[in-house]
Amino acid sequence: MNIKYRNADLEDEEELFVLAENLATSNKLNKTDFSRIFSELLSNNNVDLVIAETESRLVGYAMSFHHSTFYANGLISWVEELIVLEEYRGKRIGKKLMKIIEEKAYGRGSKLVALATRRASEFYKAIGYDESAIYFKKTLT
C-alpha cells in the first residue's frame, strides 16, 4: 500500500469533514462551521494539518497547534486531533503522521509535543510518549 503524506489544502475539505466526523464522539459536526474553521486553520501559521492519503482517498490526518508558554520556556506543540480510518490502522500511518508533526514542531523550535487522549493511550506510549497529566474540560455551549 502506497501512502502519501502532505499538508492539507482547500481541495481536501470534503474528505477531511468525513474523517473529522469519525473522530468526533462528543460533538456533532456541522458542515457550515467545519468549512469556516477549515479555512481559518489553513491560513493560520501556528497550525500544522497533515494528511495521509492513498491513491483514491484520505485515510487519516493529524492537526497540531503551536504556542508559547512560560512553563516550557518557549514554544510547545499541542496535537489536537489525530485519526486514521479503522481499516487502515496497524499499518504505521498514525505513527508516521506523529513523526511528521514532531519534525514540524522541532523545526519550529518547540520544546515539547503534548496531547490529550481518551482512547489511544497505548498507541502514544508505544511511540515514546509518557503519561503526564489528567485532562479536564468544561463545555461552555
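# A tour of the sheet, its helices and the core

Start with the sheet: five strands form an open sheet in the order E1-E2-E3-E4-E5, with mixed pairing. Strands (E, at least two residues) and helices (H or I, at least four) are DSSP runs numbered from the N terminus, and two strands pair if DSSP finds at least two bridges between them. The model is predicted: local features need pLDDT of at least 70, side-chain atom pairs count only at pLDDT 80 or more, and totals for chains, interfaces and linings use all residues. Residues are numbered from 1 along each chain as its sequence is written, and side-chain values use heavy atoms, with hydrogens and water left out.

Stop 1: Select strand E1 (4–7) and strand E5, the edge strands, each of which pairs on one side only. From one strand to the next, the twist averages 25 degrees; angles run from 0 to 180 degrees between N-to-C directions, and axes are lines fitted to C-alpha atoms, for helices over the stretch in contact.

**Stop 2: strand E2.** Now select residues 47–53, which are strand E2. Seven of its seven residues are buried, so E2 is largely enclosed by the rest of the structure. Buried means under 20% relative accessible area, exposed over 50%, and partly exposed in between, with a 1.4 Å probe and protein chains only. In a regular strand, side chains alternate between the two faces of the sheet. Here Val-47, Leu-49, Ile-51 and Glu-53 point one way, while Asp-48, Val-50 and Ala-52 point the other way.

Look at both neighbours of this strand. E1 and E2 run antiparallel and are joined by four bridges; Lys-4 has Glu-53 as its bridge partner in E2. E2 and E3 also run antiparallel, with seven bridges between them, and a hairpin of four residues connects the two.

**Stop 3: Tyr-61.** Select Tyr-61 in E3, which stands opposite Ile-51. Tyr-61 also stands opposite Ile-83 in E4. E3 and E4 run antiparallel and are joined by 10 bridges.

Stop 4: Which residues make the contact? On H1 they are Glu-13, Glu-14, Leu-16, Phe-17 and Ala-20, and on H2 they are Lys-31, Phe-34, Ser-35 and Phe-38. Contact means heavy atoms within 4.5 Å. H1 also lies across E2, E3 and E4, at about 75 degrees to E3.

**Stop 5: the core.** Where do the nonpolar side chains gather? The largest nonpolar core has 36 residues, and those with the most contacts inside it are Leu-16, Leu-19, Leu-49, Tyr-61, Ile-93, Leu-97 and Met-98. A nonpolar core is a set of buried Ala, Val, Leu, Ile, Met, Phe, Trp, Tyr and Cys residues joined through side-chain atoms within 4.5 Å. Helix H3 (93–108) is among the elements that each supply at least two residues of the core, and H3 gives the most, with six.

Within this core, select Leu-19. Neighbours within four places in sequence aside, Leu-19 is in contact with Leu-58, Val-59, Gly-60, Tyr-61, Ile-83 and Leu-85.

**Stop 6: Leu-115.** End at Leu-115 in strand E5. Not counting residues up to four places away in sequence, Leu-115 touches Trp-78, Val-79, Met-98, Tyr-124 and Tyr-129. Its C-alpha atom is separated by 9.9 Å from that of Ala-133, 18 residues apart along the chain.
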